[in-house]
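Colleague: I am new to reading models like this. Could you take me through some features, one at a time?

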Amino acid sequence: MSNDGTWFDDAAGPLVRPYAMTGGRTTSRQADLEIIALVVALGPVTRVQATSLDDELIQILRLVQKPASVAEISAGLRLPLSVTKILLGDLIDKQLVAFRSAVTPDIRVLQAVINGIRQL
Amino acid sequence: MAFDNSEPVLRGSSVKLLVAGGFGVGKTTMVGTISEIPPLRTEEVITEMSRGVDDLAGVESKTTTTVALDFGRITISPELVLYLFGTPGQDRFWFMWDELADGALGAVILADTRRLGSSFPAIDYFESRGVPFVIGVNCFDDGAVHEVEEVRDALDLDTWVPIVMCDVRDRASCKQVLVTLAEHALTMVTAGAR
């Protein structure tokens with residue numbers, strides 16, 4: 001496609017619809033992957049991965065060298081949360097990332113939150 | 001939700017709270033004041049199944065809406081991160097997004113005394129879901145000074161719902177609102193009310 005005289009503009013949105021990245025899938029098998037679930041890469045991005053994985057997956061792996069939430073990954077990649085979850089599901093299936101669900105706000109958690117905010 | 005593969009590489013875990021309220025009441029400002037990172041924005045596409053009165057029998061139509069969320073983060077301890085989600089703009093569709101409220105420790109509902117009515121949808125939502133909430137009355141410079149009990153009457157709130165006068169631009173004030181919320185949530189958990 002020629003870049004000259006393009007008929008679209010920013011308002012038209014991305015030319016590649018987000019779900020093209022997910023192979024058309026709109027739901028994730030990782031249904032329990034919450035918006036604040038924490039994700040971390042199980043290792044640095046290898047040269048083999050860098051050439052064999054999709055760009056978006058590589059971007060995520062680079063972003064989660066330190067733990068990050070699904071929301072932070074979504075914001076970093078500028079992708080909707082649901083698309084981000086599907087891509088994360090792929091990385092989980094490939095055993096390239098670990099993840100952890102949110103905690104239930106029980107007495108112990110709430111006391112930690114109270115103390116933590118007071119000390120800010 | 002015992003569903004993770006994180007042992008032993010991830011020691012930390014996370015919890016969230018919501019900052020809700022009407023348009024322009026200061027939700028994103030509050031998140032930005034108290035967050036340790038500049039607020040980030042994410043979005044979700046919400047699909048709603050609707051069945052209009054003039055539809056053919058059994059025919060459902062789908063509508064999709066993009067809902068934006070601004071959020072921040074507070075590291076409570078090496079083991080716990082708190083995320084704060086604000087619902088920006090005048091968008092009302094976040095009410096369809098039940099995932100947001102699920103598992104939240106509670107919600108701050110910001111209110112503006114010039115437009116108290118704009119907090120009713122959030123109050124109804126969190127009341128109906130049994131999510132602990134506090135009212136943060138954002139005291140704008142030009143807003144009339146209201147007494148807590150006046151606000152309580154105007155919002156028809158039960159006596160146990162905390163109401164805090166606040167300035168969302170002020171860090172100490174935001175801290176007070178969040179501590180009040182967490183203490184209120186603790187009271188509700190301790191009382192077995194959830």
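Modeller: Start with contact. Two residues are in contact if their C-beta atoms, placed from the backbone, lie within 7 Å. Keep in mind that this is a predicted model.

Colleague: Which residues of H3(A) meet residues in H4(A)?

Modeller: On the H3(A) side they are Val70(A), Ala71(A), Ile73(A), Ser74(A) and Leu77(A). In H4(A), their partners are Leu81(A), Thr84(A), Lys85(A) and Leu88(A). This contact divides into six nonpolar residues, two polar and one charged.

Colleague: How do I describe two packed helices?

Modeller: Two packed helices are described by the angle between their axes and the distance between those axes. Here the axes of H3(A) and H4(A) cross at roughly 105° and come within 9 Å.

Colleague: What does that angle make H3(A) and H4(A) to each other?

Modeller: Angles of 65 to 115 degrees count as roughly perpendicular. H3(A) and H4(A) are therefore roughly perpendicular to each other.

Colleague: Now the two chains. How many residues does the contact take from chain A and from chain B?

Modeller: It takes 37 residues from chain A and 37 residues from chain B. On the side of chain A that touches chain B, strand S1 (38-41), helix H3 (70-77), helix H4 (81-93), strand S3 (97-100) and H5 each supply at least two residues. H5(A) gives the most, with ten residues. The residues of that side of chain A divide into 24 nonpolar, seven polar and six charged.

Colleague: Which residues of H5(B) are buried?

Modeller: Buried means 20 or more other C-beta atoms within 10 Å. In H5(B), Cys174(B), Val177(B), Leu178(B), Thr180(B), Leu181(B), Ala182(B), Ala185(B) and Leu186(B) are buried. These pack against elements of both chains, including helix H5 (107-118) of chain A and strand S1 (13-21) of chain B. After H5(B) comes Gly192(B), with a positive phi near 70°.

Colleague: Is Glu79(B) buried or exposed?

Modeller: Exposed means 12 or fewer such neighbours. Glu79(B) has 12 C-beta neighbours inside 10 Å, so Glu79(B) counts as exposed.

Colleague: Where does Glu79(B) lie?

Modeller: Glu79(B) is in the loop between strand S3 (61-77) and strand S4 (80-86) of chain B. Beyond its neighbours within four places in sequence, Glu79(B) is in contact with Arg11(B), Gly12(B) and Ser13(B). Glu79(B) and Ser14(B) are 65 residues apart in sequence but 8.2 Å apart in space, C-alpha to C-alpha.

Key
Residues are numbered from 1 along each chain as its sequence is written. Chains are lettered from A and ligands numbered from 1 in the order in which they are written. This is a predicted model: local features need pLDDT of at least 70, side-chain atom pairs count only at pLDDT 80 or more; totals for chains, interfaces and linings use all residues. Helices (H or I, at least four residues) and strands (E, at least two) are DSSP runs, numbered from the N terminus. Ala, Val, Leu, Ile, Met, Phe, Trp, Tyr, Cys and Pro count as nonpolar, Asp, Glu, Lys and Arg as charged, and the others, Gly among them, as polar. Axes are lines fitted to C-alpha atoms, for helices over the stretch in contact, and angles run from 0 to 180 degrees between N-to-C directions. Angles under 35 degrees count as roughly parallel, over 145 as roughly antiparallel, 65 to 115 as roughly perpendicular and the rest as oblique.
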